[in-house]
Amino acid sequence: MTHRLFRPAIATALAIGVLAALVTAAPATADPLPTPDPPPTPTSPGSGVAQHCVVKLTAYSSEPGVAKCFHTFPEAISFATGGRLVDVPLSPAEAVDDPAFAAHLAAGANGGPVDDPKPKEVNVVLSIEYEHINFNAGAFGSSNTFVGDKLCDAATDIPEYAQPDLRNSLPQLPNGANDLISSFRTYSNCNANHYEHVDFGGAATGYWTTRDYIGDDWNDKASSISWS
Ligand SMILES: [Ca+2]
Ligand SMILES: [Ca+2]
């Protein structure tokens, strides 16, 4: 109660003080008022540099994959599928809506039969992770395509693939793909488990399939991923 009683008095005193200061300062050249900081941006502002990187992982290895990066999404997908998918829609969002594209990737070994006699020679797409929601890398957004050398199996007790540090996945961005992912699409029988910190630390989503939005709790949070 004491504070409330004093508040009007303080406010009045402050107002009088400000007026007095303004009157006093008026004839002089006033310093410019400091520019207030802009309000924080409520959503991911985007990287500003479009990157589309493919990371090749080896099954049952915890070695971080090496990223190979491209300026456009079609270039990245063509590389990820060993050149088999060349007629790729220009944007990731269009690609997701393209039935032929989805069917090729969902079939496993780049559209070839799952029992491809030479599975080691082709890459299997595990998941494509997007900087923005709705599988949209946007004009200045990025995508991260993870590929492996075999399909995931049905069980999730032992993950087939792991990327322990997403900072390595989009090399030209200051923080890589760390704390960037907003949506993802899974392929090749794989589910993706996203972790709060590198080396699979902190909270985990559990093994999820495709999400057009990873959710408020996980937007721009993931720092490592495993697939199973
Ligand atoms: Ca994001
Ligand atoms: Ca994180």
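Predicted model: local features only at pLDDT ≥ 70, side-chain atom pairs only at ≥ 80, totals over all residues.
As a reminder, strands of a sheet pair through backbone hydrogen bonds, and the pairing can be parallel or antiparallel.

## The sheet around them

Now step back to see where β7 and β8 sit. They belong to an open sheet of four strands, and its order is β5-β9-β7-β8. The pairing in this sheet is antiparallel.

Which strands form the edges? They are β5 (161–163) and β8 (201–208), each of which pairs on one side only. From one strand to the next, the twist averages 15°.

## Two residues with a positive phi

Most residues other than glycine have a negative phi. Y60 is not a glycine, yet its phi is positive, at about 60°. You will find Y60 in the loop between β1 (52–56) and β2 (66–70). Is Y60 buried or exposed? Y60 counts as exposed because it has 11 C-beta neighbours inside 10 Å, and the cut-off for exposed is 12 or fewer.

N189 is not a glycine either, and its phi is positive at about 70°. Its place is the loop that lies between β6 (183–186) and β7. N189 has 19 other C-beta atoms within 10 Å, so it is partly exposed; a residue needs 20 or more to be buried.

Note on methods: Residues numbered from 1 in each chain as written. Chains lettered and ligands numbered in written order. Pairing = 2+ DSSP bridges. Axes fitted to C-alpha atoms, helices over the stretch in contact; angles between N-to-C directions.
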